[in-house]
Amino acid sequence: MKNFWIKFLCWFIGWDYKLLNECSVASKKSLHRYAGAVMILMLIWAYIGYGMANRYFKVEYEFAKVIIAVIFSFMIWMIERQIILIVGKNVWIGCFRFGLAVIMACIGATIIDQTIFGKDIDAQTKNIINERTDKQFAYEKQVIEEERGKNQIELDSLTIQCELLTAEINKNPTISTYSTRGMGTDSVGKTIYAVEKSYIENPKIQDRERINLRIDVLRNNIDDSYKRLQSLKEDIWQDNEKNIGILTELEVTFSKDVILSGWQSLVFYSLVFGFFLFIECLVVTGKIFSKKCDYEVFVEKQQERKIRQIEHILCKV
């Protein structure tokens, strides 16, 4: 069981198990130190990835959040293996990893602080949503009222026209028309015409029907505008709540109402940032500043010997 664990750790950080067996206990302790540091980082970033999936990416399904957390952990694993598998000590790689550690510490500290100060951030976010909602509601309300005013003016005008048409139709529901029809010819050959009188529906009735249809449309539009006003503010509030993104939350987090509200919150954020920074630098500081174990010395010597062999062969050629 112990050998299996050592094999797993060797695979985990990229060391050679057979080569490690030829080394001292100090090398196995270095193996555990590196593996432990990487596992701590992976666990922390799994939590951060889950938090970002939940808060920023708005992922609904739990298995998707877990997948994102695993992806974050995998990325950290690959990054730290890049440091561990360096042969020798490379200061430039260390500087690059330190810069990356600062960025990752900022992200990690921000995510953790947003969890800790979650209630304060949510309260300030609601204030921002309310401000945006009030501004948008005032504008939308003005547009609806202007549209309703235009519809009301047209409705009043058409109603008057309809009343006038109705009065005329009541006086003359029908109108008489005259038509001529040939009846034959007289003694001198001229055509004799008969005049026929008939009654038809007053054509203004059709005009009134068209106006009534338009009146119905205008009344429906006015009724809809009243209904829209009743639920307008709530709809705008919900839309603004859905559209709250990472920039708004960062603005709230680092506002004078949360982290910058006093020296206590600022000191706390600095402590969290420092904690993440030191955690991120565990592997790279151990690689650069700690004394080499015999495993690392063995790998370097193997590399040097192989280089000399290749150079010797090339010189002969």
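Select Y295 to begin: its relative accessibility is 6%, so Y295 counts as buried (buried is under 20% relative accessible area, exposed over 50%, and partly exposed in between, with a 1.4 Å probe and protein chains only). The model is predicted, so local features need pLDDT of at least 70 and side-chain atom pairs count only at pLDDT 80 or more, while totals for chains, interfaces and linings use all residues. Residues are numbered from 1 along each chain as its sequence is written, and side-chain values use heavy atoms, with hydrogens and water left out.

**Aromatic rings**

Rings of Phe, Tyr and Trp (its six-membered ring) pair if their centres lie within 6.5 Å; planes under 30 degrees apart count as stacked, over 60 as edge-to-face and the rest as tilted. By this rule there are twelve aromatic pairs. Show F8 and F12: the ring centres are 6.0 Å apart and the planes at 25 degrees, so this pair is stacked. Both F8 and F12 belong to helix 1 (residues 2–13), where they are four residues apart, about one turn of the helix. Helices here are DSSP runs of H or I with at least four residues, strands are runs of E with at least two, and both are numbered from the N terminus. Colour the two by accessibility: F8 is partly exposed, at a relative accessible area of 29%, whereas F12 is buried, at 6%.

W15 sits in the loop between helix 1 and helix 2 (17–21) and Y295 in helix 11 (residues 294–316), so the pair ties together parts that are 280 residues apart in sequence. W15 is buried, with a relative accessible area of 8%.

To finish with the rings, select W5, F8, W11, F12, F74 and W77, which ring pairs link into a cluster.

Two packed helices are described by the angle between their axes and the distance between the axes. Axes are lines fitted to C-alpha atoms, for helices over the stretch in contact, and angles run from 0 to 180 degrees between N-to-C directions.

Select helix 3 (residues 25–55) and helix 9 (residues 263–280): their axes come within 10 Å and cross at roughly 135 degrees. That angle makes helix 3 oblique to helix 9 (under 35 degrees counts as roughly parallel, over 145 as roughly antiparallel, 65 to 115 as roughly perpendicular and the rest as oblique). On the helix 3 side the contact is made by I40, L41, I44, W45 and I48, and on the helix 9 side by F276, I279 and E280; contact means heavy atoms within 4.5 Å. These residues divide into seven nonpolar, no polar and one charged. Ala, Val, Leu, Ile, Met, Phe, Trp, Tyr, Cys and Pro count as nonpolar, Asp, Glu, Lys and Arg as charged, and the others, Gly among them, as polar.

Keep helix 3 and switch to helix 10 (residues 282–289). The axes of helix 3 and helix 10 come within 9 Å and cross at roughly 155 degrees, and the two helices are therefore roughly antiparallel to each other. Look for R33, Y34, A37 and V38 of helix 3 against L282, V283, G286 and K287 of helix 10. By class, this contact has five nonpolar, one polar and two charged residues.

**Helix 8**

Which residues does V252 contact, leaving aside its neighbours within four places in sequence? Select V252 in helix 8 (residues 246–253) and display I121, Q124, T125, I128 and V258. V252 counts as buried, at 3% relative accessibility. For a distance across the model, V252 and K28 are 47 Å apart, C-alpha to C-alpha, and 224 residues apart in sequence.

T253 is also in helix 8 and counts as buried, at 1% relative accessibility. Not counting residues up to four places away in sequence, T253 touches Q114, I121, V258 and I259.

**Helix 7**

Is S225 buried or exposed? Select S225 in helix 7 (residues 204–242): S225 is buried, with a relative accessible area of 4%. Apart from residues up to four places away in sequence, S225 touches I144 and R148.

End at D239, which lies in helix 7 and is partly exposed, at 42%.
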